[in-house]
Amino acid sequence: MFRKVLIANRGEIAVRVMRTLREMDIATVAVYSDADRASLHVRMADEAEWVGPSPSSESYLRIDRILDAARKHGAEAIHPGYGFLSENADFAGACADAGIVFIGPSADSIRRMGSKTAARQMALAAGAPVVPGAHEPLRGPAEVRRFAEQYGYPLLLKAVAGGGGKGMRRVDENGELDAAFRDAASEAERSFKSAELYVEKLIERPRHIEIQLLGDLHGHMIHFGERECSIQRRHQKVMEECPSPLVAARPGMREAMGDAAIRIARSAGYHNAGTVEFLVDARGDFYFLEMNTRLQVEHPITELVTGHDLVRLQLEVACGEPLRLRQEDISWRGSAVECRVYAEDPYNNFFPSPGKLTRLTRPLGPGIRLDGCVYEGWTVPIDYDPLLAKLAVWSGTREDAIARMLRALREYDVAGIHTNITFFRQILEDAEFRAGRLHTRFVDEFLERRPQFTPPPELQSIAEMVAAFHHQRGAARADASPPAARSRWLAMGRDEVLR
Amino acid sequence: MKENNGAEIVAVEPGVYSVLLEGRSYEARVEESNGSVIVFIDGHRFEVEIRDPRRRSRHGGPPGGEGRLNVAAPMPGKVVRLLVAEGDSVTAGQGLLVVEAMKMQNEMKAPKAGRVVTLAARQGATVAAGEVLAVIE
């Protein structure tokens, strides 16, 4: 096993990877930018190296500086986390050239899965179902029109080099096509420096369900079942669960999806951890969407339900050990839910809310797992993704896991910045969510119909009392008078006297 | 409007208050935001505007001048005693009525010298924050 590993990342995932490294008695090397000197991953690491100014293009995305740091500190391997360089084939290749193990798939596998059209072709060749679509980059709207004649509207235009919803346009009829094509191409050009588009039949209100895989360097690969990731906002997952309520209710579906995912990954010569994403329609038919060639943000719920540490398995297979687990060793117990807690304001269109955390109370107790990177007094930098923590819970059934998550969210208190904690509570209380009727438009539709979250009437007056009490305490402190608890009424009297 | 006579507030952590009211326990978390106080109780968000007489006098000039002035309840409570009657002349700072909240009795005073033209408060009545109790002219 490795003796020292560098984590080419920041935030909660750097902390999460370090936790396993520490349990395995492997030394940890953090890298950090100017904005992250005081961040938890630096505080936690055994060693740390500055890699540049705050913008990630000058620090966390600098392959040369990350490799210099690894060499300087004598790290034998690099864990890329997710985001940043994790799906960068050049980085994986540069690690191999430098004689440092990249904890992930080969540069070749990343490259083959990185192009969406190439990945589709691979899935087709592997006999896996794909959404009907054009498999070559489109030359123009005329080509889309011919496709529409065959498969009908609605369609989805997507960027070949894309991801995260950029360069994506829905087209409902012929008349919209030219403008949609133009917009999608220019957005793709701006976002990915490639205007190439492809077209797919749009599956209305699909579920997003993905399969977790892990393979060793000796050709052995297994799956760890599915995660339901249909709760998304602007094409970003915000809440995930394992198992999927749909898959759990359909005998054989997990096995069928797992087999398809393994076939696709094998055709790319894949090893290490990866995730194959599927769209699932109302009938339960699933279609290959894309493969993520890294550890996923939402991996903890799979760990909670299967009982395996995916980061540990990543490390073991990366250093060449054979994967000892067989498919029949993997079982799924109970139910897990994860909420991505972001520094954003759900009362103000989910605007990012960076700033200083003035108070932090974390949920504790049975069945709670919190993967975070924040502490009281820390300032959330404006430079990166505003993910503060992933709160995951486990319980015996989906219903109990939802109840536990609601309980945990009630205990969770973050002050100084806005978070989406209350938003999760509203979704978890929603009847449609509880019934498991999920799809990728769920959050949009929920926000449209969101019932007023009306507080019990007595809370308004309690809030007023507390506000006045709080204000008075502040005034008392400001006046340097004894900070005795005094009521607003006494304050009134005193203020009148002062005048 | 609930009576608040039994309410008890304890500051437990910076910005966190424990409230006991009629045998029920509430936890309120407070954040300040330009002049108003945001209170979170059990995931519900309340924005409470603070009417601070001192601040008003600093920014808006002394309120002891011309015209009518309202005496309003700065927070919910219960009127326990009236000290003046409608039509009485009062001096600045003279007690008008006593309101009880959070187990404490508090005297509302005249903001200026003048005459009590309206006394809306009734003994024993529960009042809401911002409710006008008296008008001095």
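Strand 11 (residues 114-119) and strand 13 (residues 132-136) of chain B pair in the antiparallel sense over three bridges; strands pair if DSSP finds at least two bridges between them. This is a predicted model, in which local features need pLDDT of at least 70 and side-chain atom pairs count only at pLDDT 80 or more, while totals for chains, interfaces and linings use all residues. Residues are numbered from 1 along each chain as its sequence is written, with chains lettered from A and ligands numbered from 1 in the order in which they are written.

**The sheet in chain B**
- Across the pairing, Thr118(B) has Val135(B) in strand 13 as its bridge partner.
- Four strands of chain B form an open, antiparallel sheet in the order 6-13-11-8.
- Strands 6 (69-72) and 8 (89-90) of chain B stand at the edges with a single partner strand each, so one side of each lacks a neighbour in the sheet.
- Helices (H or I, at least four residues) and strands (E, at least two) are DSSP runs, numbered from the N terminus.

**A covered helix in chain A**
- Eight of the eight residues of helix 11 (residues 299-306) of chain A are buried (20 or more other C-beta atoms within 10 Å of the residue's own, with C-beta atoms placed from the backbone).
- Among them are His299(A), Glu303(A) and Thr306(A).
- Gly307(A) follows helix 11 of chain A and has a positive phi, near 80 degrees.

**Confidence**
- Chain B averages a pLDDT (the predictor's confidence in each residue, from 0 to 100) of 79.
- Among the elements of chain B, strand 2 (residues 16-21) has the highest mean pLDDT (92) and helix 1 (residues 53-60) the lowest (43).
- The complex gets an ipTM of 0.70 and a pTM of 0.79 from the predictor.

Terms used: A residue is buried if 20 or more other C-beta atoms lie within 10 Å of its own, exposed if 12 or fewer, and partly exposed in between; C-beta atoms are placed from the backbone.
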